[in-house]
Amino acid sequence: MKEKILEAFEGTRKAGSIASAALDEVAKIVKPGIKTEEIDKLCFEFINDNGAYSAPLYYRGFPKSCCTSTNHIVCHGIPKYKVLKEGDIVNVDVTALKNGWHGDTSRMYYVGDVSTKAKKLVEVTYEAMSKSIKILKNGIKVGDIGYVIETYVKSNGFSVVRDFCGHGTGKNFHEPPNILHFGERNTGEELKTGMIFTIEPMINEGEYQTKLLQDGWTAVTKDKKLSAQFEHTVGITDKGYEIFTASKKGYDFPPYIK
Ligand code: MF3
Ligand code: CO
Ligand code: CO
């Protein structure tokens with residue numbers, strides 16, 4: 001690969017590994033009784049201690065260092081005094097900015113014991129993301145990613161959120177192209193070696209529609225049913241793909257600490 005691409009890959013690899021390690025740390029503290037603010041504090045400090053900046057903080061006025069999206073929150077939940085309770089599911093989304101490069105990733109966490117139905121949603125969401133990553137190679141199209149995700153999700157009786165998408169990432173937090181999590185095969189922009197972007201499907205237990213709360217950030221399911229999300233930052237290589245935000249501890253899928 002060309003030198004410019006290698007530089008972007010190396011930068012994103014470093015940022016991605018800090019973001020991913022932050023989520024490994026989160027796994028140690030998520031339990032009934034903690035406040036989502038405590039997750040934010042841990043992410044802020046861990047990312048700082050690793051010589052990076054939390055890209056969400058003050059991004060377009062976002063007030064915190066990470067997003068914490070519980071239960072029916074689809075994405076962009078704001079960490080607060082809210083206490084997590086047994087049975088909740090929560091997505092934590094972090095982005096580290098290191099030496100000018102971004103690494104953006106999120107995982108679901110189980111708070112104590114969770115219902116079989118919640119686990120199924122989380123499993124299908126993770127599988128949908130994983131299956132779409134496995135097809136990545138030079139020359140595929142954005143629609144191919146969406147097709148894999150949508151087909152798998154629908155076959156499991158869940159729905160794909162349409163109001164938010166994955167995105168290119170690099171020196172900017174969010175760049176073109178938009179990566180839609182639904183679509184038709186062989187449609188949309190062609191993905192080329194060297195491109196770096198996120199895949200971050202939000203999957204709903206019920207209908208796909210979302211609603212934005214008064215705070216201007218928190219997106220929730222319209223029918224108040226559960227929503228789940230996982231996110232990796234990935235790059236297209238000569239050989240296929242690289243995942244920049246995989247857990248070095250094997251904490252990619254819950255329960256992380258048994
Ligand atoms: N990390 C989110 C994403 O996956 C974006 C969060 S923007 C924020 O793209 F401002 F809400 F933090
Ligand atoms: Co993202
Ligand atoms: Co993110």
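## Terms and basis of the model

Two strands are said to pair if DSSP finds at least two bridges between them. Strands (E, at least two residues) are DSSP runs, numbered from the N terminus.

The structure is a predicted model, in which local features need pLDDT of at least 70, side-chain atom pairs count only at pLDDT 80 or more, and totals for chains, interfaces and linings use all residues. Residues are numbered from 1 along each chain as its sequence is written, chains are lettered from A and ligands numbered from 1 in the order in which they are written, and side-chain values use heavy atoms, with hydrogens and water left out.

## Strands β9 and β14

Strand β9 (residues 196-199) runs antiparallel to strand β14 (residues 232-236), and four bridges join them. Within this pairing, I199 has H232 of β14 as its bridge partner.

In a regular strand the side chains alternate between the two faces of the sheet. In β9, I196 and T198 point one way, whereas F197 and I199 point the other way; all are buried, a term that denotes under 20% relative accessible area (1.4 Å probe, protein chains only).

## Strand β4 and its partners

Nine of the ten residues of strand β4 (residues 89-98) are buried, so the strand is mostly covered by the definition used here. Antiparallel to β4 run strand β1 (residues 53-54), joined to it by two bridges, and strand β2 (residues 66-70), joined to it by five. S54 stands opposite A96 of β4, while S69 has N91 of β4 as its bridge partner.

Strand β5 (residues 101-110) is also antiparallel to β4, with ten bridges between them; V94 stands opposite T105 of β5. The two strands β4 and β5 form a hairpin with two residues between them, and N99 in the turn has a positive phi of about 50°.

## The cobalt site

The cobalt ion (ligand 2) is coordinated by D104 (OD), H167 (NE2), E200 (OE) and E231 (OE), at 2.0 to 2.2 Å. Donors are N, O and S atoms within 2.8 Å of the metal (3.2 Å for Na, K and Ca); water is not among the atoms, so sites may look incomplete. The arrangement around this ion is irregular because its six donor atoms subtend angles of 52 to 161°. Six donors count as octahedral if opposite donors are over 155 degrees apart and all others between 65 and 115.

D104 bridges the cobalt ion (ligand 2) and the cobalt ion (ligand 3), which lie 3.3 Å apart. D104 in strand β5 and H167 in strand β7 (residues 166-168) are 63 residues apart, and the pair links distant parts of the chain. Both D104 and H167 are buried.

Definitions and conventions:
Buried < 20%, exposed > 50% of the residue type's maximum accessible area, 1.4 Å probe, protein only. Tetrahedral: all angles 85-135°; square planar, octahedral: opposite > 155°, others 65-115°.
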